[in-house]
Amino acid sequence: MSWIVLENVTKRFSNVVAVQSVSLQIEKQDFFTLLGPSGCGKTTTLRLIAGLEFPDEGRIYIAGRDVTMELPKHRNVAMVFQNYALYPHMTVRENIAYPLVVRKIPKDEVRKKVAFVAESLQISELLDRYPQQISGGQQQRVALARAVIQTPNVFLLDEPLSNLDAKLRIEARSFLKRLSMELGTSVVYVTHDQSEAMALSTKIAVMNQGRVLQVGTPREIYDKPINTFVASFIGNPPMNIIECYFDGSTCVLEGRRIDLSELSLVAFPRGKGFIGIRPENVLLDAKNGEIAGEVYVVEPLGFETIVTVKINSCSVKVLVFEDVPYKTGDKVFLRLRKDKLHVFDENGVRILRRDEL
Ligand SMILES: Nc1ncnc2c1ncn2[C@@H]1O[C@H](COP(=O)(O)OP(=O)(O)O)[C@@H](O)[C@H]1O
Ligand SMILES: [Mg+2]
């Protein structure tokens with residue numbers, strides 16, 4: 001049995017189904033991320049694992065034990081919330097020590113452990129200050145320190161980096177990944193930020209409207225998204241999804257016919273469907289290509305440049321890694337890398353290639 005198991009878990013709040021028939025299997029060594037837009041049920045799922053909510057249906061197991069109706073204090077979980085919830089009347093030292101003090105751990109041991117986690121989180125010099133006397137980034141580290149001083153069955157982290165500014169967030173992310181490798185137990189992490197999920201996780205569960213759509217490694221989610229929702233939620237910029245019509249193994253895209261016979265799909269949609277292509281897999285050329293368009297805007301980001309190209313009724317984002325000789329209004333041609341093309345049916349479900357069966 002996996003370390004944490006959710007079996008067909010459903011949670012309703014009056015007429016809102018916050019979590020709908022969710023099943024998950026999380027291993028002890030997993031950094032497992034729940035990823036999805038605001039309101040999709042991530043926090044509720046985390047609170048169900050913590051025991052802060054109880055499911056209407058389904059079972060929850062932690063470390064081989066059915067904990068479905070058990071109180072949080074019997075589950076041995078450590079949780080870090082979005083707003084750090086440090087105790088304002090306690091020093092940093094007292095905040096970090098708190099989980100051990102309530103368990104009546106001997107004072108000597110508490111002192112040693114506080115010193116150790118403070119050292120590893122680089123907050124030793126802050127131990128005698130109060131939360132309001134330190135920065136947001138430092139508060140976040142203190143909240144993490146208070147979690148990691150425990151030896152729980154699982155760490156539950158709900159958007160712990162979201163209150164940090166962009167630069168600090170990237171820094172804290174690297175730190176968190178490194179830290180998680182040393183924790184020795186699973187982390188269940190909630191975020192709506194796909195780049196955070198990609199960077200940190202061993203496994204990602206993409207959620208929408210209370211349901212889990214797909215579970216996989218970051219690579220699987222990126223390369224083999226199950227549908228257009230997952231495809232367009234992941235990547236920066238995300239995958240281009242273009243409506244088109246299928247006629248056998250050719251697809252008609254904005255009036256142009258593209259031959260897809262070499263894709264070796266298990267089947268082709270009939271009639272309406274979608275083509276998906278990531279921005280790094282579209283090539284731009286001034287003279288030749290499959291699809292003619294016009295440059296809408298060019299956004300240089302330093303290392304890479306995003307070029308948005310208008311084709312009749314749709315626009316396609318292209319990621320370019322060398323100098324871009326184009327400007328707004330230029331006529332250009334697009335070529336789609338065939339081996340990187342995804343085909344989705346009318347309902348947005350991705351069609352598998354034969355080698356994926
Ligand atoms: N205590 C609650 N009472 C009523 N509705 C709630 C409660 N908690 C969450 N919800 C609703 O459940 C849905 C999922 O919420 P939540 O799990 O917080 O989503 P997320 O964390 O992905 O943003 C939302 O529609 C939200 O409004
Ligand atoms: Mg939330």
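Which residues does leucine 157 touch, not counting residues up to four places away in sequence? In this predicted model, the residues touched by leucine 157 are Leu46, Val80, Leu144, Leu176, Val187, Val188, Tyr189 and Val190. Leu157 is also listed, together with Ile96, Val114, Ile123, Val142, Leu176 and Tyr189, among the residues with the most contacts inside the largest nonpolar core, which has 34 residues. At least two residues of this core are supplied by each of strand S6 (77-80), helix H2 (92-101), helix H3 (107-120), helix H4 (136-148), strand S7 (154-158), helix H5 (166-183) and strand S8 (186-191), and H4 provides the largest share, 6 residues. Apart from this core lies another, of 29 residues, which includes Cys244, Cys251, Val332 and Leu334.

The structure holds 4 aromatic pairs. One of them is formed by phenylalanine 229 and phenylalanine 233, whose ring centres are 5.7 Å apart and whose planes are at 15°, so the pair is stacked. Both residues lie in helix H8 (residues 228-233), 4 residues apart, about one turn of the helix, and phenylalanine 229 is partly exposed, with a relative accessible area of 25%. Phenylalanine 303 and phenylalanine 321 form a tilted pair, at 5.8 Å centre to centre and with 50° between the planes. Phenylalanine 303 lies in the loop between strand S16 (291-300) and strand S17 (305-311), and phenylalanine 321 in the loop between strand S18 (314-320) and strand S19 (331-336), so this pair ties together parts that are 18 residues apart in sequence. Phenylalanine 303 is exposed, with a relative accessible area of 64%, whereas phenylalanine 321 is partly exposed, at 42% relative accessibility.

Note on methods: Residues numbered from 1 in each chain as written. Chains lettered and ligands numbered in written order. Predicted model: local features only at pLDDT ≥ 70, side-chain atom pairs only at ≥ 80, totals over all residues. Heavy atoms only, no water. Core = buried A, V, L, I, M, F, W, Y, C linked by side-chain atoms within 4.5 Å. Buried < 20%, exposed > 50% of the residue type's maximum accessible area, 1.4 Å probe, protein only. Contact = heavy atoms within 4.5 Å. Phe/Tyr/Trp six-rings, centres within 6.5 Å; stacked < 30°, edge-to-face > 60°.
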